[in-house]
Amino acid sequence: MPDVPSEKALLAMSESDYMDAAQQAFFRDRLLALAKDCEQELADARQALQTPPQSDPLDAAADEEACRHQLRFLARRQALLGKIRQALRRLNQGDYGYCQISGEPIGLRRLLARPTTEYCAEVKTRLEANERHYAHSRTG
C-alpha cells in the first residue's frame, strides 16, 4: 500500500503523477472519512427524530418545523452518502478523477474542494448552462 501524501504534498506532485497509487490512496482515505462522518450524522439525525419532543402543546409548531428541517437534512446527507459511494466505486474501477463525459482529468484542486465530483469544470459549467436554459425555456 502506498504512503498517503498530505494535501500539500499532493498539490506539489507533477501532472504525470495524476491519479497514481498515492493520489488514489489519498482520495480513498478522504472519501472513507467523509462517508464515516456522513453515516454518523445520519444516525444522529435519525435518533433525534425518534426522540419525541418534551415540550408543551404550544411548542408543537416549532417542533414540527424542526422535524421538517431534520428530514431535509437527512435527505441531503443520504444523497451525499450515495455520491460518496459512487465516487469510491469509480476509484475502485480506475475512473475516479476523470470527467464522466469528456474523459479529461478533473484536477486535484477541484477534487479537493468536491471529492465526489464527476465532471471537470468546463463540462460542469456547460451542464449548468444547459439546465438554466432548459428551466428558463420552460417558464417562458
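The model is predicted. Its chain has five helices and zero strands, and the order along the sequence reads α-α-α-α-α. The radius of gyration is 20 Å, well over the 14 Å that the globule rule gives for 140 residues, so the chain is more spread out than a compact globule.

**Overall dimensions and packing**
- Along the principal axes, the C-alpha atoms of the chain fill a box of roughly 65 × 50 × 25 Å.
- Of the 140 residues in the chain, 24% are buried.
- Take the contacts between residues at least 6 apart in sequence: 54% of them join residues at least 24 apart.

**Surface and charge**
- You can find 20 positive and 21 negative side chains in the chain.
- The centres of these two sets of charges lie 4 Å apart.

**A visit to T117**
- Start by finding the loop between α4 (108-113) and α5 (121-139), which is where T117 sits.
- T117 has a relative accessible area of 8%, and buried means under 20%, so this residue counts as buried.
- Leaving aside residues up to four places away in sequence, T117 touches R90, I106, R110 and L111.
- The side chain of T117 also reaches the backbone oxygen of Y119, at 3.3 Å.

Terms used. Residues are numbered from 1 along each chain as its sequence is written. This is a predicted model: local features need pLDDT of at least 70, side-chain atom pairs count only at pLDDT 80 or more; totals for chains, interfaces and linings use all residues. Side-chain values use heavy atoms; hydrogens and water are left out. Helices (H or I, at least four residues) and strands (E, at least two) are DSSP runs, numbered from the N terminus. The radius of gyration is taken over C-alpha atoms; the globule rule is 2.2 Å times the number of residues to the power 0.38. Buried means under 20% relative accessible area, exposed over 50%, partly exposed in between (1.4 Å probe, protein chains only). Contact means heavy atoms within 4.5 Å. Lys and Arg count as positive and Asp and Glu as negative; His and the chain ends are not counted. The place of a charge is taken as NZ of Lys, CZ of Arg, CG of Asp or CD of Glu. A polar contact is a pair of N or O atoms within 3.5 Å; within protein, one must be able to donate a hydrogen and the other to accept it, and residues adjacent in sequence count only if both atoms are side-chain atoms.
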